[in-house]
Amino acid sequence: WGLSRWFSSSLCVCVCRGERLACGDPKAKPSYLVDKNLESAVKFIVRKFPAVETRNNNQQLAQLQKEKSEILKNLALYYFTFVDVMEFKDHVCELLNTIDACQVFFDITVNFDLTKNYLDLVVTYTTLMTILSRIEERKAIIGLYNYAHEMTHGASDREYPRLGQMIVDYENPLKKLMEEFVPHGKSLSDALISLQMVYPRRNLSADQWRNAQLLSLISAPSTMLNPAQSDTMPCEYLSLDAMEKWIVFGFILCHAVLNSDAAALSLWKLALQSSTCLCLFRDEVFHIHKAAEDLFVNIRGYNKRINDIRECKEQALGSMHRERRKFLRSALKELATVLADQPGLLGPKALFVFMALSFARDEIIWLLRHADNIQKKSTDDFIDKHIAELIFYMEELRAHVRKYGPVMQRYYVQYLSGFDAVVLNELVQNLSVCPEDESIIMSSFVNTMTSLSVKQGEADGEVFDFRGLRLDWFRLQAYTSVSKASLGIADHKELGKMMNTIIFHTKMVDSLVEMLVETSDLSIFCFYSRAFEKMFQQCLELPSQSRHSICFPLLCTHFMSCTHELCPEERHHIGDRSLSLCNMFLDEMAKQARNLITDICTEQCTLSDQLLPKHCAKTISQAVNKKSKKATGKKGEPEREKPGVESMRKNRLLVTNLDKLHTALSELCFSINYVPNLAVWEHTFTPREYLTSHLEIRFTKSIVGMTMYNQATQEIAKPSELLTSVRAYMTVLQSIENYVTIDITRVFNNVLLQQTQHLDSHGEPTITSLYTNWYLETLLRQVSNGHIAYFPAMKAFVNLPTENELTFNAEEYSDISEMRSLSELLGPYGMKFLSESLMWHISSQVAELKKLVVENMEVLTQMRTSFDKPEHMAALFKKLTCERAVLKRMTIIGVILSFRSLAQEALRDVLSCHIPFLVSSVEDFKDHIPRETDMKVAMNVYELSSAAGLPCEIDPALVVALSSQKKNISPEEEYKIACLLMVFVAVSLPTLASNVMSQYSPAIEGHCNNIHCLAKAINQIAAALFTIHKGSIEDRLKEFLALASSSLLKIGQETDKMTTRNRESVYLLLDMIVQESPFLTMDLLESCFPYVLLRNAYHAVYKQNFSLHTDG
């Protein structure tokens, strides 16, 4: 029993250690091997290897003397890895000799664990020695280290002689191993020949699978609930790739049996026909036919075997594997669909699931390996554009197993206690010979299973753990498989097969995750990055396969399973690779979906554009001229297709571009929405967030792009057209919620809110900044240049007839509908930024006005107190300078304020539609501020009201802008300048009468030179300035009215027709100022300026306008 424990443990440890040693990267080169200064020394050491000559070659090795300590330090890890390989070889040889001495019985269908581990040991040993021989720098590394060791310690490393000899011996590893395995041939061939009951049954064609209805749960409905049974349960999901490696390497090592045993030759040929290369380790491959032929060509009497190899090579085509993959796609799809609907079937049909996973895994790995390493005869056999579908169904089955693990656990706990324990007990009772040790172990198996209860896992929270039972069975296999065992397992095969079934059932209870790794691990993709990325691109390019593209990020979750616990140093490297690939795949999927959505949005924007009012003119024109065209008999233009024609389908087979885009999008979105998140190396990825992020970026760029702003020509899209396009875009984005569970409202909030700011989160200009700049620098600048006028009757800015026609129609950008569209787009924040920008321009104009006031301060001070002395005022007026500049700047301020009032009114209209209750509350709050309220409190209310688009007595934005100006003088002086500014404007008004453009037009309710905007400018500037300086607004405006009236009455006495040509039109300004002002009344005006003059002025301008139209 002690020998069996040592034997089984040694077997496990050797296999595990061999796998760990293989984990070293054979392509990694120490820096010393590429150092030019050491090149000659390295070549000398390699040439003399394994001999050590350090005394007679000082010149060539002198450079190494300086570096010896560093060489020892840096090459130690490499050197002792080779030493580990040598020790591993010693242990393997010892173990193989022990197995031969004990005449161990091997049969994969009976003592499965023992036979599998034995064959794994042989293949791992062979693989390791082959990889060792492929390391080109092995002699250089070992020789360099030993030389540095001898220079430092005065003697070679104690392991060096044996290690050097091993390197020399295994220059041709397979030839050396063939010699080594001569005494082990009997054990190895017995183990391999036992595969004849398993491998041929696994290596069938797709047609044979199809005829047998393999993996189908619905082919026999009456047996659907029956548990899947097999005498060789663990062999059913055994890796085909592993079996082929056992057969190929095994029969190469014990090749003599190929000449004497037909079963062995049959297995050998079948394996040679199945593959042309095998995986040594990760992406290192072994070309079977060439290597076998090179080995056998030097053996006498092996011509027939060489011919067999050549024949098999010709027959080793990929068509069989291609058909298998085709079959497995449909089989796994059916299996996944049935289990999704009836997860309870995972209990009885668990074997089918793991068989399906194993079969699919083998075919995928075969394709990956061959596509990357074979010179393709038939390209179609090695390029599978539908591989993603197969991987996807694998992932779906894996997800079912993980999700419904408790269902499977309950089923097999009851199975073990209610059936397996009873059958095993009967088998034990019927044994003719059962020694005490074996009896104790078998009884413990029965007792363990009998005591099982579902409540253990549910109520008590106990975690099932059958690792001890499985280890005991492994040891028992070793104990009963030796030739002199009292209870030989070779004579009680039914016991072995029953125990193999029980072991599978225990794994269904406590090792589901390990079973998934064993049967469906595809971490090998980590080492085939180029092929992996190519498969992904092919998947995205094929619309029917894009729904399965999520399988590629899911495969990245497998990568960490290829790491070894005894080789932790590569975990970071593989982990980083898994993260970068997963990130790249999800990013590409999101980009593809984003591009499809963008194309759909473009199509929808085009359709929405057809519904714009500007396109109906042609239709109306055609309708009006239809009769006349018929009368003349001339052939008219073909009728333009009306919007909506694209929705009329005469044939349901007709597929439009929009249909194709929607189909492709729905397929890809299925993939993005397949899993809420992915866990890759302690990182969590959320596919939907990738899409959300890309949609935000693209939506931002699209909105800005749709403005079509051209800085060179100063062209920009009309706000209403942009709003239509944005709404069409948003409608498409909202429909994405039908495909993917994402919060598209969050996308709108993030993007549209950023567009209300000057710059977005990336520092790029927004539609707010673009439209603000355009209205200020293009539209309002042309107003200042006299090319555009503000028409109060139309509440819009209108182009004036000039020699140089403007490139845009101002009315199409400033009427009420356009301003409302602008308010919809920019929102309250954007409109506030627009207002602040306007106020900054006003502030700069006021600063210039103050300079003009300072220049004329003395004269203005006198005029302020002399308005009742006409002669003195006339004399003083002649001393004034720049009075026209004052009015020009005040007019500009008025124009800006008029534009702002349009914007504010549009904002109020928009907000009243969206938030009527809130707007009415703000309005009510503003309208009921008590007069005695502190000005700071009142200004806060005004600021709130202004943000809602409500007009205020005092404009808070203007107050803020003017108060932020630099003040180099005392407050008293500032106040005086403000008062004198009003005086300056008042006394300058008469000069407007001489301007030919100052004529009032009743049709537009204003003047063509925009002087009607002075009313707004005077009231708003006065209110803001005297709020800042805490003066009385009413008193200052009364003073202004008195001065203005006096000045205008004076021009009534003028006899010069040129000076007074538009006197009546200028008189009307007084009425406008009072009408505009919340602080002045008509009674006050009547006291300063006779109303009869106003009435006569209105009569005169209307009469003049009528006569002009009549003459025209």
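**Figure 1. Buried residues of helix 24 in the predicted model.** In this predicted model, the buried residues of helix 24 are L469, R470, W473, F474, R475, L476, Q477, A478, T480 and S481. Helix 24 covers residues 467-481, and at 1.5 Å a residue its 15 residues should span 21 Å, which agrees with the 21 Å that separates its end C-alpha atoms.

Figure 2. T506 is found in helix 25, which is made up of residues 493-510. Its relative accessibility is 0%, and T506 therefore counts as buried, since buried means under 20% relative accessible area. When neighbours within four places in sequence are left aside, T506 is in contact with L416, F466, L469, R470 and S511. Two of these partners, L469 and R470, are also listed among the buried residues of helix 24.

**Figure 3. Helix 18 against helix 20.** Two packed helices are described by the angle between their axes and the distance between the axes. For helix 18 (residues 350-373) and helix 20 (residues 387-403), the axes come within 10 Å and cross at roughly 150 degrees. Angles over 145 degrees count as roughly antiparallel, and helix 18 and helix 20 are therefore described as roughly antiparallel to each other. Helix 18 passes helix 20 in a left-handed crossing. On the side of helix 18, the residues that meet helix 20 are V353, F354, A356, L357, A360, R361, I364 and L367, while helix 20 contributes I387, L390, I391, M394, L397, R398 and V401. Sorted by class, the residues of this contact between helix 18 and helix 20 comprise 13 nonpolar, no polar and two charged.

**Figure 4. Helix 18 against helix 26.** Helix 18 also packs with helix 26 (residues 512-520), at an angle of about 35 degrees and with the two axes 8 Å apart. Here F354, L357, S358 and R361 in helix 18 meet L512, M515, L516, E518, T519 and S520 in helix 26. The residues of the contact of helix 18 with helix 26 divide into five nonpolar, three polar and two charged.

**Figure 5. Helix 29 crossing helix 32.** The axes of helix 29 (residues 571-609) and helix 32 (residues 687-706) come within 9 Å, and they cross at roughly 40 degrees. Helix 29 and helix 32 are therefore oblique to each other, and their crossing is right-handed. In helix 29, the residues N583, L586, D587, A590, K591, A593, R594, N595, I597, T598 and C605 take part in the contact, and they meet P687, Y690, L691, H694, L695, R698 and M706 in helix 32. By class, the contact of helix 29 with helix 32 has 10 nonpolar, four polar and four charged residues.

**Figure 6. L826 within helix 37.** L826 lies in helix 37, which consists of residues 816-855. With a relative accessible area of 1%, L826 is buried. If residues up to four places away in sequence are not counted, L826 touches T756, I767, T768 and M831. L826 and F748 are 78 residues apart in sequence, and the distance between them in space is 13 Å, C-alpha to C-alpha.

Figure 7. Helix 44 is formed by residues 971-988, and at 1.5 Å a residue its 18 residues should span 26 Å, in agreement with the 26 Å between its end C-alpha atoms.

Figure 8. A cis peptide bond, with omega at about 0 degrees, joins F49 and P50, and P50 is found in the loop between helix 2 (39-48) and helix 3 (58-102). E682 is not a glycine, although it has a positive phi of about 65 degrees, and it is found in the loop between strand 3 (678-680) and strand 4 (683-685). At 79% relative accessibility, E682 counts as exposed. E1005, likewise a residue other than glycine, has a positive phi near 55 degrees, and its place is the loop between strand 7 (1000-1001) and strand 8 (1006-1007). At 43% relative accessibility, E1005 counts as partly exposed.

Notes
Residues are numbered from 1 along each chain as its sequence is written. This is a predicted model: local features need pLDDT of at least 70, side-chain atom pairs count only at pLDDT 80 or more; totals for chains, interfaces and linings use all residues. Side-chain values use heavy atoms; hydrogens and water are left out. Axes are lines fitted to C-alpha atoms, for helices over the stretch in contact, and angles run from 0 to 180 degrees between N-to-C directions. Helices (H or I, at least four residues) and strands (E, at least two) are DSSP runs, numbered from the N terminus. Angles under 35 degrees count as roughly parallel, over 145 as roughly antiparallel, 65 to 115 as roughly perpendicular and the rest as oblique. A crossing is left-handed if the near helix is turned anticlockwise from the far one by less than a right angle, and right-handed if clockwise. Contact means heavy atoms within 4.5 Å. Ala, Val, Leu, Ile, Met, Phe, Trp, Tyr, Cys and Pro count as nonpolar, Asp, Glu, Lys and Arg as charged, and the others, Gly among them, as polar. The expected span of a helix is 1.5 Å times one less than its number of residues. Buried means under 20% relative accessible area, exposed over 50%, partly exposed in between (1.4 Å probe, protein chains only).
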